[in-house]
Amino acid sequence: MENSINVTLKKLGLLAQNKATSTGENWFGAEKNLQAIISPVNGNLIAEVDMATADDYDAVVQKSKEAFSTWKNVPAPQRGEIVRQLGQELRNHKEDLGKLVSYEMGKSLQEGWGEVQEMIDICDFAVGLSRQLYGLTMHSERPQHRMYEQWHPLGVVGIISAFNFPVAVWSWNAALAWVCGNVSIWKPSEKTPLTAIACQKIMAKVLKANNLPEGISCLVLGDKNIGELMAKDPNIALLSATGSTKMGKSVATNVGARLGKHILELGGNNAIIITENADLDMTLIGAVFGAVGTAGQRCTSTRRLIIHESIYNVFKAKLVKAYAQLKIGNPLDTVNHVGPLIDKTAVKNYLDAIDQCKLQGGNFIVEGGVLEGEDFKSGCYVKPCIAEAKNEMEIVQHETFAPILYLMKYKTLDEAIEMQNAVPQGLSSAIMTTNMREAEHFLSVNGSDCGIANVNIGTSGAEIGGAFGGEKETGGGRESGSDAWKAYMRRQTNTINYSTALPLAQGIKFDL
Ligand code: UN1
């Protein structure tokens, strides 16, 4: 395997030795501040990466501001053409980039490729969007006046992304930011910098081929101190941050203190309501993939199943049987369904959550535990587990980034919806039912309070075409599709008077 990973690294322009280097100017590090990157797949050192200092960060900001003065003057459809070329390069590199995502982060190869596909999809979306940055025209209340609105770029867009979607979330933000005329500075998770360097190199090549400044797309590798610099920096016109609610609150406070703009995509605590009218075979696939996909480390992962009492036991038995068939192991081996957690801290959080659940009265029907042996030598492989629990338990109210699924029973749909909504987070939700009244009630104003509400689909696996994000402690931001692009631009309202008089609005008389 070691050999095939080295080939992958090489094909992505990363050296196979243990030191990551880059020809790109806009990511930094001069072997001052080396951090080891360990694969959760086998515990091997993949590379050492230089982390940026505050001075490096300032230099990157300077580069990106210079690039903005060029880029904002490139017509939007031509900006779209650059993103089209990036999409093409991503197609060419899908296999390798997906594999590196899987090796550096631990998600299954299928999901690694799926993540790169999300990048390709958002590029396609952004190309179309580059010809559709529409403003409205309005009728003026004054004669021979015209009103309209237009959208201008913001400037430098900061992107802080999390380890669990190490490349896709960057592309959702960056592709939109660029067609909107912005430049971007990306701080990836310090746990997954290699995939970020690979993406940076791909984009740098596209920019170079088009004679455009590399500063249009910048990368800064760093920890939360760099994130804090970005949040406090008035040069960052918009900061889009994905991660924990704790991180989001700090970003919101720092960006808010300077009245800056932010997009926050934070924790989820997503439930599927399974009614007595659900197609249980279909439900099983959605629920199990939602709970164990990416080893329960998606912000859209299914954490709670709220099941009608009449089918509770039948569905519970199906779940237990399905969990017994799950194959846990090397995510690069496509026979496995579940790979490792990201690191040993994540394993500790998983074990603590299991302990807490037991202490708070939870009853495990599929036991958890850490896997041992040569195949699991990174120490990051855990068993997906299921506990019968109560919604109000403290641990159930909390997002644990691990494959722990909580089951609960309900009698009436209103009670189920109340439970589904009675958590601090509001990202994704789903109902499984073949009954139209139940489905529509769930989607109505009296239904789910989440940013995403699905019918007969699980909570994870959103398509890029819709706006992605959620309410309450999820942070309220929207990224990706629909009209999420508007957050990446500033709206300007223009009123033009082509008459020979100067009538005031609201009929105010002011004669000189
Ligand atoms: C995330 O977990 O931060 O909907 C993003 C999904 C993916 C994106 C998840 N398309 O599960």
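About 2,400 Å² is buried between domain 1 and domain 2, and carbon and sulfur atoms give 63% of that area. Buried area here is the accessible area, with a 1.4 Å probe, that two parts lose on being put together, summed over both. In domain 1, Pro40, Val41 and Glu111 lose the most area to domain 2. Together they make up 22% of what that side buries.

A word on the model. It is predicted, so local features need pLDDT of at least 70, side-chain atom pairs count only at pLDDT 80 or more, and totals for chains, interfaces and linings use all residues. Residues are numbered from 1 along each chain as its sequence is written, and side-chain values use heavy atoms, with hydrogens and water left out.

Now the domains. Domain 1 covers 2–266 + 475–491, and domain 2 covers 270–467. These bounds come from an automatic or database domain assignment. The contact takes 33 residues from domain 1 and 28 residues from domain 2. Contact means heavy atoms within 4.5 Å.

What holds charge across the interface? The rule finds two salt bridges between domain 1 and domain 2. That rule asks for a side-chain nitrogen of Lys or Arg within 4 Å of a carboxyl oxygen of Asp or Glu. Arginine 298 and glutamate 111 form a salt bridge through their side chains, at 2.9 Å, N to O.Next, the elements. Those giving two or more residues to the side of domain 1 that touches domain 2 are α3 (76–105), α4 (109–129) and β20 (479–480). Helices (H or I, at least four residues) and strands (E, at least two) are DSSP runs, numbered from the N terminus.
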